Amino acid sequence: RLAARPDAPVLIVEGEKTADAGQRLLPNFVVVTWPGGSNAVDKVDWSPLKAREITLWPDADDTGSKAMDRVRRLLGMVDAARVSTVEVPSNLPDGWDLADPIPDSMDLQGLVKSAKPAGAPALPPPGYVFSEKGLVWRDDGDDADLLPAGPFDVRAETRDGEGASWGVLL
C-alpha cells in the first residue's frame, strides 16, 4: 500500500482487521498497521514512513493509546514529515476500533481533520542518542553505551521570563 501510493497520507491503526476496515472507510489514506500487536511496536522497521504525513488512530483503550504513543516516538526517529493523533471519543466501548460498527454520530473525516499534531522530536546534545532503551551516551572511544535515563518524552522547550535559562519539560 505504501509503495503504490508514495504521496498519500498514512493512517496507522492497530491490527490487520482494523487496517482493512480503515482503508475502506478512509480511502484517501494509505492505512497500515504493524505485525505482532501492541507489544511488538518496538520490533518494527518504521523507516518506510520517512518523510510521510502520518495520522495515528488508537483503539479506544489504554493499551491502544500506549501503543500509539510509542509509535509516535519511534516515528520521530525516522523523520516522518508530520505526525498527528486522532482523539478517539471517550464515549466509545472499551477496545473499540475502526473495524467495529461506526456510531451514527461519528464523523470519521472530522476526527481525522481535528487530529492533534505531535511535537517535533527533541534532538539530544552531541554524544547522546535516543534508543528503545532510553537516552544513551555513546563515547567515540568506548564500545559500551551508558544509559543515563530510561524512555521519556520531551514535551516542550522552556525558558524563564527574561528569555534565558532554557530547558525542557519532560
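Author: Contact here means heavy atoms within 4.5 Å, and please keep in mind that this is a predicted model.

Reader: Fine. Leaving aside its neighbours within four places in sequence, what is Gln-23 in contact with?

Author: Once those sequence neighbours are set aside, Gln-23 is in contact with Arg-1 and Arg-5, and also with Phe-29, Val-30 and Val-31.

Reader: And is Gln-23 buried or exposed?

Author: Gln-23 counts as buried because its relative accessible area is 17%, and buried means under 20%. Its place is in helix H1, which covers residues 16–25.

Reader: Which residues of H1 are buried?

Author: In H1 the buried residues are Thr-18, Ala-19, Ala-21, Gly-22 and Gln-23, and the buried residues of this helix pack against strand E2, residues 30–32.

Reader: Switching topic, how many residues has the largest nonpolar core?

Author: The largest nonpolar core has 19 residues, and among those with the most contacts inside it are Ile-12, Trp-34, Trp-46 and Val-71. At least two residues of this core come from each of strand E1 (10–12), E2, strand E3 (53–56) and helix H2 (62–77), with H2 giving the largest share, 5 residues.

Reader: What does Val-71 touch, again leaving aside neighbours within four places in sequence?

Author: With those left out, Val-71 is in contact with Ile-12, Trp-34, Val-41, Trp-46 and Leu-56.

Reader: Which residues does the second, separate core include?

Author: That second core, separate and of 17 residues, includes Phe-29, Val-86, Leu-111 and Val-112; Phe-29 is also one of the residues in contact with Gln-23.

Note on methods: Residues are numbered from 1 along each chain as its sequence is written. This is a predicted model: local features need pLDDT of at least 70, side-chain atom pairs count only at pLDDT 80 or more; totals for chains, interfaces and linings use all residues. Side-chain values use heavy atoms; hydrogens and water are left out. Helices (H or I, at least four residues) and strands (E, at least two) are DSSP runs, numbered from the N terminus. Buried means under 20% relative accessible area, exposed over 50%, partly exposed in between (1.4 Å probe, protein chains only). A nonpolar core is a set of buried Ala, Val, Leu, Ile, Met, Phe, Trp, Tyr and Cys residues joined through side-chain atoms within 4.5 Å.
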